[in-house]
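Q: Hi, I have just opened this one and could use a guided tour. Could you walk me through it in plain terms?

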There are 2 protein chains.
Amino acid sequence: MQSLLLSRRDIAFMLYEWLDAEALTRHARFQDHNRETFDAALDTAEQLATELFAPHNKKSDNEEPQAVPGEHCLDVRIIDEVKTALDAFSAAGLMAAGQDYERGGMQLPVVVEKALAAYFTAANVATSAYTFLTMSNANTLLKCGTAEQVRRYVDPMFAGRYFGTMCLSEPQAGSSLSDIASRAVPDPQSGVDGERQFRLSGNKMWISAGEHDLSDNIVHLVLAKIPGPDGQLIPGVKGISLFIVPKFLVDEDGSLGERNDVVLAGLNHKMGNRGTTNCLLNFGEGKFQPQGKGGAIAYLVGNPHQGLAQMFHMMNEARIGVGLGAAVLGYTGYLHALDYARNRPQGRHPAQKDPAQPQLPIIEHTDVRRMLLAQKAYVEGGLGLVLYSARLVDEQHSAETPEAREHAARLLDFLTPVTKSWPSQWCVEANSLAIQVHGGYGYTREYNVEQFYRDNRLNAIHEGTHGIHGLDLLGRKASMQDGALFKAFGAELRKTVRKVRGSVGAPDALPAELAELANISRELLAHAAALDAAWQAVELVTQKLYAAGDMNKTLANASLYLEAVGHVVVAWIWLQQALLAAAALDGSDADFYRGKLQACRYFFRWELPKVEQQLELLASIDTTTLDMRDAWF
Amino acid sequence: MQSLLLSRRDIAFMLYEWLDAEALTRHARFQDHNRETFDAALDTAEQLATELFAPHNKKSDNEEPQAVPGEHCLDVRIIDEVKTALDAFSAAGLMAAGQDYERGGMQLPVVVEKALAAYFTAANVATSAYTFLTMSNANTLLKCGTAEQVRRYVDPMFAGRYFGTMCLSEPQAGSSLSDIASRAVPDPQSGVDGERQFRLSGNKMWISAGEHDLSDNIVHLVLAKIPGPDGQLIPGVKGISLFIVPKFLVDEDGSLGERNDVVLAGLNHKMGNRGTTNCLLNFGEGKFQPQGKGGAIAYLVGNPHQGLAQMFHMMNEARIGVGLGAAVLGYTGYLHALDYARNRPQGRHPAQKDPAQPQLPIIEHTDVRRMLLAQKAYVEGGLGLVLYSARLVDEQHSAETPEAREHAARLLDFLTPVTKSWPSQWCVEANSLAIQVHGGYGYTREYNVEQFYRDNRLNAIHEGTHGIHGLDLLGRKASMQDGALFKAFGAELRKTVRKVRGSVGAPDALPAELAELANISRELLAHAAALDAAWQAVELVTQKLYAAGDMNKTLANASLYLEAVGHVVVAWIWLQQALLAAAALDGSDADFYRGKLQACRYFFRWELPKVEQQLELLASIDTTTLDMRDAWF
């Protein structure tokens, strides 16, 4: 039976035929690798995801983590299958898959690491969240922490013995991080970590994996402010510093010491993603008295007041992770819907209504095919975008020239809000279509697709809401470095356009027996022209928005800008895939490539044209929403 | 505090200022009524909905109906609050609100009845479903049943002592009713109801309110086939007949007799709408032995083989009900989001980022206003469409001339698939935006909006899926009676266009001090022109689709046609509301009317232009989805 998690054929297409992951093995860091080692890692991921993650996906949704009174504070109880799965994940070395050999890692490229992650997320987004948070946390400390901090906290995380969190939001400060009020005061009583020790107090909201008994220890990375000499907190993001707050203090020899003063105040009960604990944490309430007094012991990471910049290492990685999660939840929903549509008989063709004839599998109905093709276009487009971004992370670190590395960094920076947001919007739509294909069955918890829909709805909210990413794309990425990021992307898009024009030749000159090839060539040329025109329109609109002379007007419709640019970006992702598919049609796997071409066709005929109206609205500096008044609602 | 269920101000605007419900009181049937009696009924509905329906909405989602082993079969246990609320609903006479005085009714017009229903559905869609099913069932029997059937089953339903169901689907026949396999065989042992008695057997799926202990009896209306002399069922819809199958047989004097042979086989566990039991029912399994033998006793309604036509009485009513449910779930979500946005401080304006300043209520952020304005446009547009349709039901029965009644019937027939489907699509989108306005809080079950989103997702599936209504609109309604329905709607739309042109005068001729009025007039004229053009485009596209020469091509993209027509219809609904608002701007309630104008502006600037691309695609007889092959997925 075909896997309902992901299409391995498609992963192979993306990694090897399109993104050329094998080229990375020419780089010293990846020289021990080749397609076989990548495939072996994928085999492991697929197997573990299928055997240990997918089977409890529904159960952990039904039996979500419970806060239960412990000896001194609230504990959390989680079904056993979660720890079993996570232990196996760590035991397979996957927590450190991308790390140095000396850290116990496998030195896999990020693009391969994300393909592995895709399997676990598709199988069980809630359980796999514990791994991604831990890896993002560890990567941040690896970059910003001291050698001692790495030894004490990072290595146990890569080994899977400790798990990590990111503690940013507070009840009064969600999207507005400048308003966080947690405070960290230097601790005169110096502890295990010398002068870097602080006492931290405050409340942190929406902390995924904030409390559980899945790992020996929990390493919280916490944003807080160090008061000035007057005892006041510096307003704004400039006053924010980053701290390590371990649940249990760690002794010199790595053994666990006292319980730190951080406790669970309560769990949030979500619509989806129920298996991931989501916590309100209280720091420094005095519930525990580490080293003889209350206040959570905290260790400064790097220099003071650099907290937000440091946390962005984690957030940028997490944002690609969110896009990945959204894409693969869409992907597995699509495969479930496809499987259902092939096996569910219902109704007959409009032109052939004889009720004495047996019913057809519903995939025979054009409207069902529409819903499946839309899903395919969304989820393969979304996953393509995420893996392309992951490939840029590798390129950013391992390209041969500094210019190439910088170009990759710019592309990645530009694409990050899109990579996070586009799948979070359109792959939820794919999940809705997967429900629709199932009819009433899809709306029940007896089937799987309704959970994907609920799970996926989170992704437009966390790691920066849709609106925040709109502001990031239009307000920062489109204009920063004098537009260099924006131009870098435009150049890349036009490279693809030229590649299409250079590859397909002159279709009209082809002999009659190659009529099909000529048609496909004509179509790809038309797609390239449409993409080129769409990007030109984006360029003009961006100029017009910045010429509005009032940032409130420039940014008023930033979310719409994000959506329009997102569709152009994914059209470009599809055109790249289609170009390869067209060249492979005469091979043994023609059906696969025809599917790619048809999905690309769908995207260019049904989706990309939507952008025109959006860009027209943006170009008109529409103030409908800006002018709306509270009293008029 | 403002109600978070619905805006009473808006209901009053729609009923009295726009749809002129008071004009109905000139009709003999409604002559005892006036605005005061309508308002009194609305007061009762709002109060009961607020005090008895809304408070257990979350509880009945958390503690959904349970199947528990009873003495002879599975019973269903439902939280007590549901019965308390429903008993109060019946005691207030609301089950018969629209019925004749002699039936114990109030003879309220349908448009008022739907406004009452709006309150109950907004408060608790799951509990109110029991009332709508009962009323639809009773209305169908009132139309198609014998006097004796009415006396025995209908009167107790309008009194709230019996509840009703509609049993259409079977496990192997959902959308494809022609494939139902339930069979009803004439019973030689004639019972209480003489020659109309049959023995019915089969399995019915997705039966809402199919089993419960909320009422003394349950009246199932069941589609089944009567075998021919050869024992074979006639294939197709022509073989379908309609039957009454009461849970308990009813004696001559109205007392309850034996338990009939219909039992619960299992409950479906839905993503939302959890408080409404949704059942798989087994008929005629022999679990009970009414009149000494197995087989559910069933009474034929009307003539044999008329079942589907009869059931369409119920379905057409239910379809308006689905549209209503979708619209008001969107509406209450919007009001919750608005309330949250006014009270939640977070962040500052882009141009004024001083972190020492206090945070703003999030309604001050343009992107939040965009999301609220979009919700307002969707939900007031959706509710407007539903109440307009309800008003047509009244017009169909009470207009003065046969021509006017026929015109109303045609309009209603044309609009029904749109009235059902448009809110089911766009008011779910409104619910998604309501979550987004709440940020992380909106994704939790501690708040209300995630439940609205889950509850509302059902509406694109039941009472005919989105795809089915696309086929109904393009394949039947657009062409039937030689296009008379289609033309009737076009004439009505153009009447509105002319009305705008006739009312607003020549804005350029207005004096300078009336500049604002001139601007509004210009805008309404532009809207009217856009609406006129959009409908003209729909007319052309419809012709082109029918000229495709192949029904598979004509109907391939029927869902897209439904969506495009839906947006044009709702733009028309908005223009009607805006025209009234523009005329009322100088009154005491200017903010309310400015809100209407701004929402209309939003719809015409942000939404209606989407249709252009959809119609272009349709006009090109696009075969992307038709050409897609199973093997290519």
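A: What follows is a conversation about the chains, the interface and a few individual residues.

Q: What kind of model is this, and how are things numbered?
A: This is a predicted model, in which local features need pLDDT of at least 70 and side-chain atom pairs count only at pLDDT 80 or more, while totals for chains, interfaces and linings use all residues. Residues are numbered from 1 along each chain as its sequence is written, chains are lettered from A and ligands numbered from 1 in the order in which they are written, and side-chain values use heavy atoms, with hydrogens and water left out.

Q: How many helices and strands does chain A have?
A: Chain A has 19 helices and twelve strands, where helices (H or I, at least four residues) and strands (E, at least two) are DSSP runs numbered from the N terminus.

Q: And what is the radius of gyration of chain A?
A: It is 25 Å for chain A, which agrees with the value near 26 Å that a compact globule of 633 residues would have; the radius is taken over C-alpha atoms, and the globule rule is 2.2 Å times the number of residues to the power 0.38. Along its principal axes, the C-alpha trace of chain A spans about 85 × 60 × 60 Å.

Q: How much of chain A is buried?
A: Buried residues make up 63% of the 633 residues in chain A, with buried meaning under 20% relative accessible area, exposed over 50%, and partly exposed in between (1.4 Å probe, protein chains only). The accessible surface of chain A comes to about 21900 Å², and 51% of that belongs to carbon and sulfur atoms; such areas come from the Shrake-Rupley method with a 1.4 Å probe, and for residues only the protein chains shown count as cover.

Q: What about contacts along the sequence?
A: Among the contacts in chain A with a separation of 6 or more, 75% are between residues 24 or more positions apart, a contact being heavy atoms within 4.5 Å.

Q: Switching topic, how many residues do the two chains use to touch each other?
A: The contact involves 94 residues of chain B and 94 residues of chain A. The area buried between them is about 8400 Å², with carbon and sulfur atoms giving 55% of it; buried area here is the accessible area (1.4 Å probe) that two parts lose on being put together, summed over both.

Q: Which residues of chain B lose the most area there?
A: Those are Tyr443(B), Trp606(B) and Phe633(B), which together account for 11% of what the chain B side buries. Phe633(B) also turns up among the residues touched by Tyr334(A), along with Leu372(A), Gln375(A), Lys376(A), Val379(A) and Glu380(A), not counting residues up to four places away in sequence.

Q: Where is Tyr334(A), then?
A: Tyr334(A) is found in helix α8 of chain A, residues 307–343, and it is buried, with a relative accessible area of 2%. Its C-alpha atom is separated by 40 Å from that of Asn282(A), 52 residues apart along the chain.

Q: Is Pro417(A) buried or exposed?
A: Pro417(A) counts as buried, at 0% relative accessibility, and it is found in helix α10 (residues 402–438) of chain A. Leaving aside neighbours within four places in sequence, Pro417(A) is in contact with His469(A), Asp472(A), Leu473(A), Lys477(A) and Leu562(A).

Q: What does Lys247(A) touch?
A: Not counting residues up to four places away in sequence, Lys247(A) touches several residues, including Glu211(A), His212(A), Glu258(A) and Arg259(A). Lys247(A) is in the loop between β7 (240–246) and β8 (248–250) of chain A, and at 9% relative accessibility it counts as buried. Glu211(A) is 36 residues apart from Lys247(A) in sequence, and their C-alpha atoms are 8.9 Å apart in space.

Q: Which residues other than glycine have a positive phi?
A: One of them is Gln107(A), with phi near 50 degrees, which sits in the loop between α4 (80–91) and α5 (110–123) of chain A and is buried, with a relative accessible area of 11%. Gln481(B) also has a positive phi, of about 50 degrees, although it is not a glycine; Gln481(B) is placed in helix α13 (residues 480–503) of chain B and is partly exposed, with a relative accessible area of 43%.
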